[in-house]
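Grab a pencil and have the model open beside you.

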There are 2 protein chains.
Amino acid sequence: MAKIDELQTCLAHKGLDAAYISDPMTIGYLTGFYEDPIERVMALLVFPDSEPFLFTPALEVEAAKGAGWTHPVYGYLDHEDAYALIAAHVKKQVTEPVNWGIEQNHLTVSRLLKLQNQFPSAKFNTDLTSTIEQMRLIKSDDEIAKLNEAGKWADFMLEEGFKNLQLGRSEQEIAANLEYELKKHGIMHTSFDTLVQAGAHAAEPHGATSQRKINNNELVLFDLGCVVDGYCSDVSRTVAIGTLNKKQKEIYKVCLEAQLAAQEAAKPGITAEELDKVARDVISKAGYGEYFIHRLGHGLGLSDHEFPSIMEGNHLVLQPGMCFSIEPGIYIPGIAGVRIEDCVHITSDGCEPFTHTNKALKTFELM
Amino acid sequence: MAKIDELQTCLAHKGLDAAYISDPMTIGYLTGFYEDPIERVMALLVFPDSEPFLFTPALEVEAAKGAGWTHPVYGYLDHEDAYALIAAHVKKQVTEPVNWGIEQNHLTVSRLLKLQNQFPSAKFNTDLTSTIEQMRLIKSDDEIAKLNEAGKWADFMLEEGFKNLQLGRSEQEIAANLEYELKKHGIMHTSFDTLVQAGAHAAEPHGATSQRKINNNELVLFDLGCVVDGYCSDVSRTVAIGTLNKKQKEIYKVCLEAQLAAQEAAKPGITAEELDKVARDVISKAGYGEYFIHRLGHGLGLSDHEFPSIMEGNHLVLQPGMCFSIEPGIYIPGIAGVRIEDCVHITSDGCEPFTHTNKALKTFELM
């Protein structure tokens with residue numbers, strides 16, 4: 001069944017008259033048209049029994065039509081009242097929609113108020129967030145093929161990053177160089193800002209790539225990915241420059257054990273929380289539990305951070321087709337940071353990673 | 001007065017007990033800590049008479065403290081209930097806040113519900129969007145200096161883009177090359193995806209940079225910018241490759257006249273709507289009105305698209321310190337697209353652009 005038909009069926013089951021889909025990722029997933037309208041209004045209006053339509057800024061209408069969406073696309077000019085136009089188009093499909101579904105995790109309060117203003121007696125209490133999450137949760141073979149392709153290019157980015165390691169070269173130069181090599185192949189978007197962090201700087205797990213230069217006898221953390229055909233990759237590797245001390249070696253070893261244990265344990269039947277615990281236990285038993293300050297992983301697909309979270313409190317049972325990261329990290333402020341990450345998809349009896357760069361500690365002797 | 005004090009005073013005037021600030025740009029503006037928490041929770045809690053605090057994911061706490069914010073920063077771990085923690089911290093400052101201000105244009109419905117759930121008898125009806133917009137609308141000298149610096153680098157990007165023009169080279173290669181040159185100087189973020197569009201492709205004003213190759217006798221549109229010290233630049237130029245036909249020359253001439261007329265007219269006292277009309281009239285009188293399908297401009301500062309919109313219906317009177325783009329465009333489907341853009345700040349008697357790349361038609365004879 002086409003994804004849009006699946007959503008229509010679901011609206012009928014829920015007794016909804018209309019759905020206002022606002023998340024550009026969801027719109028892309030359902031229509032094939034991926035675009036970030038920034039502050040402009042873009043929405044997909046879906047009804048159980050009548051034709052859905054896409055509503056976009058006027059300057060996106062042609063692109064939306066060209067993306068393979070075969071239902072109507074209506075545009076609006078900047079000075080027009082987008083919500084009045086949406087309401088007029090809706091009323092042609094459903095005379096008086098009462099029960100609406102919205103994406104509560106995306107729709108802003110001000111836009112909900114504008115929509116309510118057009119349909120003053122309607123109810124906007126139904127949240128479609130988890131419906132959409134469920135639809136997007138299990139990836140099709142086609143989606144997994146795209147994730148594998150994106151993963152292949154993430155491995156390429158790592159390889160280019162490793163080639164670029166030089167004493168005295170800055171984190172930023174290395175990131176710029178590896179992104180340039182990627183873009184030369186026509187892949188124009190990274191999944192997020194490429195992270196290259198050397199030495200103690202890597203103990204800031206979400207710190208930015210800086211002008212700090214690569215030194216001898218330290219760890220360098222890479223966290224990067226790219227977008228291919230709409231789908232994201234995300235991989236982390238930490239490598240050694242010169243000779244590591246005992247502590248540096250130990251945290252690498254513990255982090256790798258945690259990553260491998262979790263990747264081994266990831267299979268249908270285990271819950272997200274249990275999987276987090278597999279990695280966390282390894283790190284805690286080694287005495288570094290307090291330095292692993294984030295969840296084990298996050299879903300990925302069209303977005304580089306999506307449902308499900310692999311963390312304490314998430315009792316979701318993993319099933320074939322679910323895709324997420326396995327990325328334990330140990331960050332000791334002022335000393336060093338290590339993170340090792342592959343994103344995987346659950347198979348019938350285990351999991352397969354999208355990235356394949358070797359995880360054994362790689363050491364670079366630089367001059 | 002520090003910006004946070006200004007907001008506190010404003011909350012007191014409005015009779016509010018607390019404000020929940022959720023837009024990362026606003027948080028950056030008020031605290032000096034700029035970070036995109038992606039799907040995690042980040043908020044700034046402000047009260048009229050007690051100390052504000054920043055609430056961030058645990059892994060951002062150190063960075064927030066290091067960014068110069070001198071009030072408390074509280075973190076949360078992924079498995080913790082962020083809103084329960086926020087509520088506990090709030091109650092230490094204000095026993096029972098009733099009237100809340102929120103950013104309706106940023107806060108999602110689901111997060112508002114979570115906040116309401118913690119304060120079931122409180123009211124969340126006050127929108128601070130326009131208060132914040134007003135604060136951010138008039139840029140300080142310090143902000144204008146940063147915008148000038150960002151503009152200087154946008155001119156650099158254009159120059160590198162022009163150097164890279166070659167017959168048979170793709171739009172994507174040119175974009176990758178000019179971004180690489182920028183990043184080599186340590187400027188790691190573009191304001192948005194660099195746009196290089198050749199020939200008829202440029203008639204899709206928000207189309208992406210593609211693998212289309214540069215040909216002779218066509219126009220090539222560049223729209224690009226970068227982020228320096230948190231502030232954005234944004235500039236567009238359209239250049240000629242080889243010999244243009246009469247139509248191509250005419251639309252360039254008309255677009256340039258419109259841009260120059262608006263830049264000349266931009267001064268204190270004129271409204272945003274009137275300024276839009278100055279450019280639109282030039283294009284309409286030349287017979288191309290239907291091909292100028294977007295507003296004249298948008299504000300810029302910390303964000304590359306912010307308040308105010310320079311468009312029909314916006315009666316805002318321009319004042320010194322306001323910063324926005326002046327970017328008329330003429331897009332004839334299947335033929336060509338032209339856009340010419342400078343961002344400016346209003347001065348006491350006119351405006352000054354942040355970018356200075358010449359706007360007279362530049363022609364490249366390529367082999």
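Two exercises with worked solutions follow.

This is a predicted model, where local features need pLDDT of at least 70, side-chain atom pairs count only at pLDDT 80 or more, and totals for chains, interfaces and linings use all residues. Residues are numbered from 1 along each chain as its sequence is written, while chains are lettered from A and ligands numbered from 1 in the order in which they are written.

**Exercise 1.** Work out which residues of α4(A) are buried and where they lie around the helix axis.

*Step 1.* Pick out the buried residues of α4(A): A:Ala82, A:Tyr83, A:Ile86 and A:Val90. Buried means that 20 or more other C-beta atoms lie within 10 Å of a residue's own, exposed means 12 or fewer, and partly exposed is in between, with C-beta atoms placed from the backbone.

*Step 2.* Look down the axis: the buried residues of α4(A) fall within an arc of 85° (taken from the directions from the helix axis to the C-beta atoms), so they line one face of the helix.

**Exercise 2.** Describe how β15(A) and β16(A) are joined.

*Step 1.* Strands β15 (residues 329–332) and β16 of chain A run antiparallel, joined by 4 bridges; strands pair if DSSP finds at least two bridges between them.

*Step 2.* Opposite A:Gly337 in β16(A) stands A:Tyr331.

*Step 3.* Between the strands of this hairpin lie 3 residues, and A:Gly334 takes a positive phi near 80°.

Conventions
Helix = DSSP H or I, 4+ residues; strand = E, 2+ residues; numbered from the N terminus.
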